[in-house]
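Please open the structure in a viewer and keep the sequence panel at hand. The stops below follow one another as selections.

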Amino acid sequence: MVLHFGQKYYIIKLILDFDNKFPESAKMNINQEENPMTNNTFVKSWIDEMAALTQPDNIVWIDGSEEQRQALLEQAFATGEMIKLNQELLPNCYLHRTAVNDVARVEHRTFICTSKKEDAGNINNWMDPTECYDKLGKLFKGSMKGQTMYVIPYSMGVVGSDFAKIGIELTDSIYVVLNMLIMTRAGKEVIDALGDSADFIKGLHARAELDEEKRYIVHFPEDNTIWSVNSGYGGNVLLGKKCFALRIASYLGKKEGWMAEHMLILGIEGPDGDVKYISAAFPSACGKTNLAMLIPPEVYAKKGYKVWCVGDDIAWLRVGQDGRLWAVNPENGFFGVAPGTNMKSNPNALLTTKRDTIFTNVVHNLENNTVWWEGLDKNPPKNAVNWKGEPWDCESGEKGAHPNSRFTALAQNCPCISSEFNSTAGVPISAIVFGGRRAKTAPLVYQSTSWQHGTFVGSIMASETTAAAAGAVGVVRRDPMAMRPFVGYDMGDYFQHWLDMGKKIPNAPKIFHVNWFRTDDEGHFIWPGFGDNMRVLMWILARCEDKVDAVETAIGFVPKAEDINIEGLDIDLDTINELLRVDTASWKEDIANIKEFYAMIGERVPAELHEELAALEARLG
Ligand code: GTP
Ligand code: SPV
Ligand code: MN
């Protein structure tokens with residue numbers, strides 16, 4: 001493993017400072033030799049360096065045992081970091097509240113630190129790696145004094161499988177440990193699988209002062225390193241997720257010829273038992289978890305159709321020996337949006353959270369020591385505490401749960417988890433679906449005309465912003481492939497990688513775009529959404545199998561209204577026509593915005609995509 005020069009220099013300097021300041025006795029108890037879980041010298045020397053920097057009182061290896069997890073829970077109850085919920089109603093479920101200034105990802109404080117600025121690109125924030133190690137080193141220095149450093153060896157993907165990659169996260173947070181034990185496969189078997197290899201992603205996290213002015217989430221793709229400081233919120237601190245499985249993994253995928261995408265994976269089983277798989281990229285809080293676990297509407301259920309969830313947030317995709325694109329979900333759990341989740345919108349998600357779950361920033365129902373959030377049911381608790389930890393009056397008009405409150409739940413507890421969830425080969429993908437939250441422009445569904453055109457469709461995706469990231473909500477912004485906050489290198493190069501991959505997949509998935517969020521003049525959603533989205537997926541699969549016709553429009557193939565199955569829906573063909581309408585005027589307005597966006601990405605936007613844009617403009621007339 002190559003340490004960046006800046007990193008090496010900085011760490012040596014810090015260790016020397018530390019040696020001078022601390023007598024031998026003070027260093028004794030950070031000696032990990034007392035409890036070695038590995039003899040891997042790369043791992044051990046890196047941990048020594050990080051411990052010398054952060055100066056924890058002791059170091060604890062997370063082995064994945066139930067015994068250790070229980071002991072950590074007890075500690076967290078004692079400090080109030082975790083609240084034990086009603087164990088009869090919610091066995092092995094706990095509540096956690098983050099700091100009020102620390103409730104979402106912070107894109108403006110997220111950096112890609114490549115040695116050349118061009119390699120991070122114009123969309124990402126960039127810092128010079130040496131400068132960044134120096135700057136954050138100062139924030140990390142001594143940040144774990146008086147505390148324990150937990151060492152979490154984890155695997156993204158089935159431990160030891162060809163698809164899997166290993167990371168080690170060092171953290172001072174029990175909450176992080178408990179979440180990582182759900183979201184990843186973590187523990188001794190991972191460090192055993194690593195053996196004496198240096199091939200692992202080095203993650204360092206410290207809560208420090210939780211100061212938002214000193215909060216940084218930084219990635220050093222050239223060093224396989226992630227540093228996160230001054231946050232305790234999921235997406236900023238569960239380093240296996242967005243930091244590794246998307247930002248670092250997308251960088252590795254570009255180098256190694258595979259793809260890391262912000263995609264759910266689901267399987268639709270037909271009455272004959274044959275399962276077809278779809279992956280779909282929607283921006284944060286735009287419906288991945290909901291689609292991944294959908295309940296088929298009666299019209300399909302009665303015929304024997306079933307839907308299986310393989311993943312709800314991240315897909316790693318590779319070309320299989322059979323020339324198809326194969327996907328695995330590298331995660332082990334769901335870090336899902338709580339508000340809006342109920343027995344009608346997403347019963348599978350709700351049932352998944354009935355055991356072994358950590359709730360973050362939801363309402364604490366003191367009547368029976370359970371949890372509540374907006375949209376769970378129409379009976380908000382009368383005696384309750386809000387996400388900030390204050391007494392909450394449900395009639396006050398103030399929200400009790402934070403809009404980005406979440407549940408961390410085990411995938412294996414999901415009633416519709418796919419039998420292929422633990423498959424080492426993954427599942428073959430028939431269709432890739434892009435989608436965003438657009439009140440107007442995008443129709444319910446359309447199909448691209450080729451892989452290149454589909455890449456273009458993904459590149460011009462736009463969506464209204466949500467509470468998943470700090471900042472304004474409801475503003476339309478371009479979010480290519482739902483990856484704007486997650487590509488670990490230049491966005492233009494990322495588009496090129498999509499085009500290159502298309503050439504390597506003889507039997508490539510067809511590419512579609514959906515929008516569940518078109519609104520009427522009063523601002524109401526026109527399409528019922530949720531389970532009924534399966535009606536659109538069925539058209540998509542029929543297109544993949546050449547079983548249904550379509551209308552060619554300026555933007556691509558759009559269904560004939562009568563080909564969207566509306567049996568059992570309180571909707572008529574006129575409404576479907578309205579949902580499918582290609583609004584030429586608003587598309588023309590979009591063109592100018594797309595041009596600006598491409599210009600902002602810069603000169604690495606592939607010529608093919610500029611050609612697609614010019615062709616779209618010409619077709620719109
Ligand atoms: P991340 O975990 O942030 O990546 O989000 P996600 O894409 O998994 O989003 P999720 O499925 O949790 O949905 C977020 C919000 O969108 C919830 O408030 C849902 O109620 C809402 N939503 C999901 N699907 C639909 C739909 O089909 N129609 C409408 N109107 N809302 C939906
Ligand atoms: C998202 O914001 O896209 C999430 C939640 O899936 S987080 O893990 O916080 O990024
Ligand atoms: Mn996500």
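Which residues of strand E1 (residues 58-61) form its covered face, and which its uncovered one? Select E1: Ile59 and Trp61 lie on the covered face, while Asn58 and Val60 lie on the uncovered one. Strands (E, at least two residues) and helices (H or I, at least four) are DSSP runs, numbered from the N terminus.

This is a predicted model, in which local features need pLDDT of at least 70 and side-chain atom pairs count only at pLDDT 80 or more, whereas totals for chains, interfaces and linings use all residues. Residues are numbered from 1 along each chain as its sequence is written, chains are lettered from A and ligands numbered from 1 in the order in which they are written, and side-chain values use heavy atoms, with hydrogens and water left out.

Val60 has Tyr150 as its bridge partner in E6.

Move on to the open sheet of 4 strands, ordered E21-E20-E22-E23 and paired antiparallel. Strand E21 (370-372) and strand E23 (391-392) are the edges; each has a single partner strand, so one side of each lacks a neighbour in the sheet. Within this sheet, select strand E20 (residues 363-365) and strand E22 (residues 384-385), which run antiparallel and are joined by 2 bridges. His364 has Val385 as its bridge partner in E22.

Now select helix H14 (residues 451-459) and helix H15 (residues 491-504). Their axes (lines fitted to C-alpha atoms over the stretch in contact) are 9 Å apart, and the packing angle is about 155 degrees, on a scale from 0 to 180 degrees between N-to-C directions. H14 and H15 are therefore roughly antiparallel (an angle over 145 degrees). Show the side chains in contact (heavy atoms within 4.5 Å): Trp451, Gln452, Thr455 and Ser459 in H14 meet Phe495, Trp498, Leu499 and Gly502 in H15. The residues of this contact comprise 4 nonpolar, 4 polar and no charged.

Finally, select helix H18 (residues 584-601) and helix H19 (residues 607-620), whose axes come within 10 Å and cross at roughly 155 degrees. In H18, the contacting residues include Trp587, Ile591 and Tyr598; in H19, they include Leu609, Leu613 and Glu617.

Key: Angles under 35 degrees count as roughly parallel, over 145 as roughly antiparallel, 65 to 115 as roughly perpendicular and the rest as oblique. Ala, Val, Leu, Ile, Met, Phe, Trp, Tyr, Cys and Pro count as nonpolar, Asp, Glu, Lys and Arg as charged, and the others, Gly among them, as polar. Buried means under 20% relative accessible area, exposed over 50%, partly exposed in between (1.4 Å probe, protein chains only). Two strands pair if DSSP finds at least two bridges between them.
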